Amino acid sequence: MTTGRASNAFLAMPGPECYLLGRTGPFTQLTLDQHQPPPGFENYQGLLHLETMKAAASLLPLPTLLAPLPQCVKSIDTPKESGLPILLSREDVAIGKVVRNQEGAEIVSQLLAADASATPLVVTSLLPDLPFLASHPHGAGVISDLFEACRRAPDHGASTIPALTRRLQGSLLRLTRDRWGCRVMQAALEDAAPDFQQAFANELQGKALKLCQHLHANFVLQKYVELVPASSAGFLLEELTPHAMEVAVHVYGCRVLQRLIEHCPREPQLASLLESVLSAVPQIEKLLKDPFGSNVLRAVVAYGSDSQVKAIMAAISTNVLKFAKHKHASLVFERCLEASSERSGDFPERDMLVALLLGDGTSRAPLAQVLLDRFGNYLAQRMIHCCKSEEEPRVLNLLARCLPKLQRSPQGRHITIAAQKRFGCMPGVPGNIGMSAQA
């Protein structure tokens, strides 16, 4: 490999976009042009070795990286072994500046993943600039990888993660709302100590509504709710309760509300929040037809109390045909039929929904009218799957009346296949439903 000419001047890279570990030009193109050295390496003349490290990191195993410096930089006083740990320990390398470049960030992340001994050195090197780097386009990725590397350590980060999280305190609100910082915050919340969780809650106090509706911050709040004890999410529930309907129909806010329903189902504050949403039928109907509110209702059906599920069923029963044909409400309708079948206890509201769907058993029944509907046919398949033994004769009788039109439609063939799986064959109709569907 051509190494270029030695000189007291800085070895220049092909261009500023190639600084440190650039890939746009081979190292043989290095000249004695009077370019400025790359940021972080104003006093470091071992750029040739860095280029070698970069090539080795992508092509060779890590032991290959532990080679002495090339002859052209032999005069530099270096330890006998090299690699990322030795590079980071040099006083003439400002690693905080190195990771601000895409190529530099990539190589540091790669070697962090390959060399566990580098983790403490990277922590020490980046700690002073950590709040700034956590919101940097390239530095944030290295910080996230650093948290992951700390968790892979033998002590699972017990000696490094607390130092990182303490350094971030005071910048948690800014990072939560930042495009890049929000990813670092999610990494920091993994296995976070109680004191960091409390610091997070203190800095975000009073801002829950705006943050849950924020493009980036909503992901941090979701991660927080997923990871911390349910009692630690109390400040979110308290602040969102007066704005429950507004949050439920918001494109981002509904996600945070769903995580709260999933992970804090027994919290009294959550019961108060849901009571403000489910207390009136018009509000439930609004959520049923909303693309985001319907997802919140599905979460309530899956994780909420029996009384909350019954309130949703009662609202659907006011107009089963309309909701069965609605794009979003039909999904909640399906979940109600499924969840009530899985839950123990008496659900008269569920039986009422089925009775309303079956109607008089003729082609005028709501179930018969939704068999070929774009959205209703999925509800019909769910009805076939979840019906009770005492309801089977009425369902079979209705399907037998509608069999001719079912066989002529793609949606109808899905219905007949679902019936074949559930019942096997249809009484009173010659042959097998599955065979008829394939004809």
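Student: How far apart are Arg335 and Glu338 in helix 22?
Tutor: Arg335 and Glu338 are three residues apart in helix 22 (residues 329-342), which means about one helical turn separates them. Helices here are DSSP runs of H or I with at least four residues, numbered from the N terminus.

Student: What kind of model is this, and how are residues numbered?
Tutor: This is a predicted model, in which local features need pLDDT of at least 70 and side-chain atom pairs count only at pLDDT 80 or more, while totals for chains, interfaces and linings use all residues. Residues are numbered from 1 along each chain as its sequence is written, and side-chain values use heavy atoms, with hydrogens and water left out.

Student: What do Arg335 and Glu338 form?
Tutor: They form a salt bridge, with the closest N and O atoms 3.3 Å apart. The term requires a side-chain nitrogen of Lys or Arg within 4 Å of a carboxyl oxygen of Asp or Glu.

Student: What is the relative accessible area of Arg382?
Tutor: Arg382 has 24% and is partly exposed. Buried means under 20% relative accessible area, exposed means over 50%, and partly exposed lies in between (1.4 Å probe, protein chains only). Arg335 is partly exposed at 22%, and Glu338 is partly exposed at 23%.

Student: How many salt bridges are there by this rule?
Tutor: The count comes to 12. Among them is the pair Arg259 and Glu262, whose closest N and O atoms are 3.0 Å apart. Both residues lie in helix 16 (residues 253-263), three residues apart.

Student: Is Arg259 buried or exposed?
Tutor: Arg259 counts as buried because its relative accessibility is 14%. Glu262, at 24%, counts as partly exposed.

Student: Changing topic, where is Asp290?
Tutor: Asp290 is in the loop between helix 18 (281-289) and helix 19 (293-303). It is buried yet has no salt bridge; the nearest side chain of opposite charge, Lys286, is 7.0 Å away. For charge, Lys and Arg count as positive and Asp and Glu as negative, whereas His and the chain ends are not counted.

Student: Then what lies 2.8 Å from a polar atom of the Asp290 side chain?
Tutor: The backbone nitrogen of Gly293 lies at that distance.

Conventions:
Helix = DSSP H or I, 4+ residues; strand = E, 2+ residues; numbered from the N terminus. Polar contact = N/O pair within 3.5 Å; in protein donor to acceptor, adjacent residues only side chain to side chain.
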